[in-house]
Amino acid sequence: MLGALLAFAITSVARLLTGTRSLWIGCAPLNRQRIYFANHSSHGDFVLLWASLPPDLRRRTRPVAGADYWQSSALRRFVIHRLFNGVLVDRERSGPESNPLQPMLDALAAGDSLILFPEGTRNLEEGLLPFKSGLYRLGLACPDVELVPVWIANLNRVMPKGRSLPLPLLCSVSFGAPMSIEKDEDKDAFLQRARLALLELAPKED
């Protein structure tokens, strides 16, 4: 109960500070299992996206995050596990048997939706970094799960690197049309199509 209350407080403050608008452009906020894949420019991205979902979807949607960062302190472990029920992945592949996708596959098998950043790391430049292969592999393994592009606009300007207080700018979270991997579509073709679908959601000033 404490974790749920704190998560509600954090998301409420995040929406208040950023004036976030949730724009359901290509789909509706329906109770379907989805992988929301988004651009990544700030540590607050998953909080804002998660906060933009209706409460019933939020309860079954889990952010994917790097274990190396979120396991590095007791506070971070509490936040990612108790507040957001995150799915942690081993980006450093600590052993030859380690499969970074397995925690995500387990979460999907349990019926959860995911928030994923296919660039793999924060991008402090304009545009998008090349996508990692994980989105494609998850789409192949779970073809019934909808892949929904989401563009998060302005959060990197609200909280630029090195600044402790937010700037008064409005943010938006735009949800695009669900995608799936087409028959015989290879990895490079799909990732390019997914990347373009995400870029099409970006406001012109971005």
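This report walks through a strand, a helix and the cysteines of the structure above.

The model is predicted, so to speak of local features a pLDDT of at least 70 is needed, side-chain atom pairs count only at pLDDT 80 or more, and totals for chains, interfaces and linings use all residues. Residues are numbered from 1 along each chain as its sequence is written, and side-chain values use heavy atoms, with hydrogens and water left out.

Let's start with strand β2, residues 34-38. Strands (E, at least two residues) and helices (H or I, at least four) are DSSP runs, numbered from the N terminus. Buried means under 20% relative accessible area, exposed over 50%, and partly exposed in between (1.4 Å probe, protein chains only). Five of the five residues of β2 are buried, so the rest of the structure largely encloses this strand. R34, Y36 and A38 cover one side, and I35 and F37 the other.

Next comes helix α5, residues 74-83, whose buried residues are V79, I80 and L83. They fall within an arc of 115 degrees (taken from the directions from the helix axis to the C-beta atoms), so they line one face of α5. The face turned away carries the exposed residues A74 and R82. Just after α5, N85 has a positive phi of about 50 degrees.

Finally, the whole structure holds zero disulfides, a disulfide being a pair of cysteine sulfur atoms within 2.5 Å. C27 is buried at 12% relative accessible area, and C171 is buried at 1%.
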